[in-house]
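Okay, hi everyone. Let me put this one on the screen and talk you through it.

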Amino acid sequence: MIMLYLGLLLSGAALLINGLGLLGRIPLRDSAMFSMLIGGVQLALGIAFVATNSDAEPQTLLSAAGMFLFALTYVYVGLNTVLQLGSQGLGWFSGLAGALGLLLATAWFNTDPLLSVLWLAWAVLWALFFVQMVLGRVNLIPFIGWSLVLLSQTTATAPALLGLSGNWPDSQATAATAAAVLTTLFLLAARLGRRKRRPGHPAPRLPARTA
């Protein structure tokens with residue numbers, strides 16, 4: 001499970017950097033290169049994990065599938081920006097990933113309630129990308145950026161550190177608390193996303209959208 005927790009730790013960094021890119025704090029090309037780097041490392045970790053755990057239990061393999069889902073997302077996000085592919089393909093992939101995230105949240109509901117809550121939050125993030133890219137809701141970009149920044153550490157980095165230290169919580173009370181905290185962070189991101197952009201922080205230049 002160490003590889004899976006390491007993959008989650010890397011996701012915390014990738015979500016943060018991509019959020020800062022959407023908010024215009026760093027160049028989108030920089031965040032794109034970082035996404036491809038993280039995605040590549042996660043793919044390698046996932047392949048190594050599956051290769052050494054071919055007889056693993058279904059729940060362990062579900063965790064590996066989640067890592068692959070994140071890895072492909074980061075690689076696709078990076079390529080979309082660097083190659084200026086346009087957002088349509090990435091948007092539809094995000095919609096698929098969001099649906100799979102809901103299925104994974106359901107699969108973990110009884111055995112690991114905290115992980116179920118985390119997957120629900122990640123599914124919402126993917127759904128936001130689908131709405132923004134496929135339906136053309138560009139006004140959601142600040143909200144998405146702040147959501148990535150605020151949820152990067154709470155849904156990925158902190159849980160990864162708990163897992164690596166052997167302190168992963170599995171109680172319903174912890175999951176309920178996490179759900180309340182993450183809901184509050186989404187609401188805070190929405191509020192921050194409505195603020196006017198300060199001078200010196202220009203809006204990010206997104207890749208051209210193709211039909």
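This is a predicted model: local features need pLDDT of at least 70, side-chain atom pairs count only at pLDDT 80 or more; totals for chains, interfaces and linings use all residues.

Numbering runs from 1 along each chain as its sequence is written, and side-chain values use heavy atoms, with hydrogens and water left out.

So, the largest nonpolar core has 49 residues. By that I mean buried Ala, Val, Leu, Ile, Met, Phe, Trp, Tyr and Cys residues joined through side-chain atoms within 4.5 Å, buried being under 20% relative accessible area with a 1.4 Å probe, protein chains only. Trp119, Trp122 and Leu151 have the most contacts inside this core. Helix 5 gives the most to this core, 12 residues; helices here are DSSP runs of H or I, at least four residues, numbered from the N terminus. Leaving out residues up to four places away in sequence, Trp122 touches Leu8, Phe70, Leu115 and Thr155, with contact meaning heavy atoms within 4.5 Å.

Now the pair: how do helix 1 and helix 3 cross? Their axes, lines fitted to C-alpha atoms over the stretch in contact, with angles from 0 to 180 degrees between N-to-C directions, come within 10 Å and cross at roughly 30 degrees. Helix 1 and helix 3 are therefore roughly parallel, the label for angles under 35 degrees. Among the residues that meet there are Leu4, Gly7 and Ser11 from helix 1, and Met67 and Phe70 from helix 3.

Note on methods:
Buried means under 20% relative accessible area, exposed over 50%, partly exposed in between (1.4 Å probe, protein chains only). Helices (H or I, at least four residues) and strands (E, at least two) are DSSP runs, numbered from the N terminus. Angles under 35 degrees count as roughly parallel, over 145 as roughly antiparallel, 65 to 115 as roughly perpendicular and the rest as oblique.
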